[in-house]
Amino acid sequence: MDNGARKGHIVIRGIPERLMAQLVEDNSSIDPTYIEDFLLTHRTFVDQSVVVADQLLEWFQDPILRDKVTRVLLLWVNNHFTDFETDPSMMEFLERFEAELEKAKMHGQLRMLNFACTAKARKRTVTLTRPSRDDPLQFQVVGGYEKGFGIFISKVDHGSKAEEIGLKKGDQILEVNGQSFEHGTKYTRALEVLKSVCHLSIT
């Protein structure tokens, strides 16, 4: 309590379900670091991060909790992105959450989530080989100069070689076989480059 104006409680310990429930309760003025502390330490009392993720998705179905749930996820992505990029089930959760944001017409929050994922992803180079140029790419892209932003992966075929080598929805393609995709690459030109060869070195 602070001059009688603030009332609440600071969580010291509890069962995992109760600790998770605290994420969407209004105690930020009493315990402002609770969410960050939880995200930092949750793996000591929850077997897998996806347990927390699934609970967030469940809460998201309640319109009253949507903003709170989205704030928790944005904080998680911004501060602990390795929880996601090192766990395929968590990347799958992100895709499901993006679909829910789209369905709820929360476009501003969806953009923030996409930007956060792109900003936190590690720069890496992967190699994808197809038997022939007629074979499908195994992933889809969006963006380009016409849209005012770079070339991003919008979908990766499940069970494909592209998924196996680590391409993920939301990845920005910076370079293909030494050719920059960062500035002013048109969508049609990007597709042309991606489909023109069987051996792709993608950064």
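How many disulfides does the count come to? In this predicted model, the count comes to zero disulfides. A disulfide would need a pair of cysteine sulfur atoms within 2.5 Å.

**Cysteines**

Cys198, at 26% relative accessibility, counts as partly exposed.

| Residue | Relative accessible area | Class |
|---|---|---|
| Cys198 | 26% | partly exposed |

**Largest pocket**

The volume of the largest pocket is about 1100 Å³. Its lining takes in 36 residues, and those nearest the centre are Glu98, Asn114, Ile153, Lys169 and Gly170. Two or more lining residues come from each of helix H6 (88-103), helix H7 (107-120) and strand S3 (149-156). H6 supplies the largest share, with eight residues. By residue class, the lining of the largest pocket holds 15 nonpolar, 12 charged and nine polar residues.

**Sheet**

Strand S3, which contributes to the pocket lining, also belongs to an open sheet of three strands. The strand order is S2-S3-S4, and the pairing is antiparallel. At the edges are strand S2 (139-144) and strand S4 (172-173), each of which pairs on one side only. Between S2 and S3 there are six bridges, and these two strands run antiparallel. Gln140 is placed opposite Lys155 of S3. In general, strands of a sheet pair through backbone hydrogen bonds, in either a parallel or an antiparallel manner.

Conventions:
Residues numbered from 1 in each chain as written. Predicted model: local features only at pLDDT ≥ 70, side-chain atom pairs only at ≥ 80, totals over all residues. Heavy atoms only, no water. 1 Å grid on protein atoms, 1.4 Å probe; cavity = no way out; pocket = protein on both sides within 12 Å on 5 of 7 lines; lining within 4 Å. Points joined across faces, edges and corners; volume = space filled by probe spheres on them. Helix = DSSP H or I, 4+ residues; strand = E, 2+ residues; numbered from the N terminus. Nonpolar A, V, L, I, M, F, W, Y, C, P; charged D, E, K, R; others polar. Buried < 20%, exposed > 50% of the residue type's maximum accessible area, 1.4 Å probe, protein only. Pairing = 2+ DSSP bridges.
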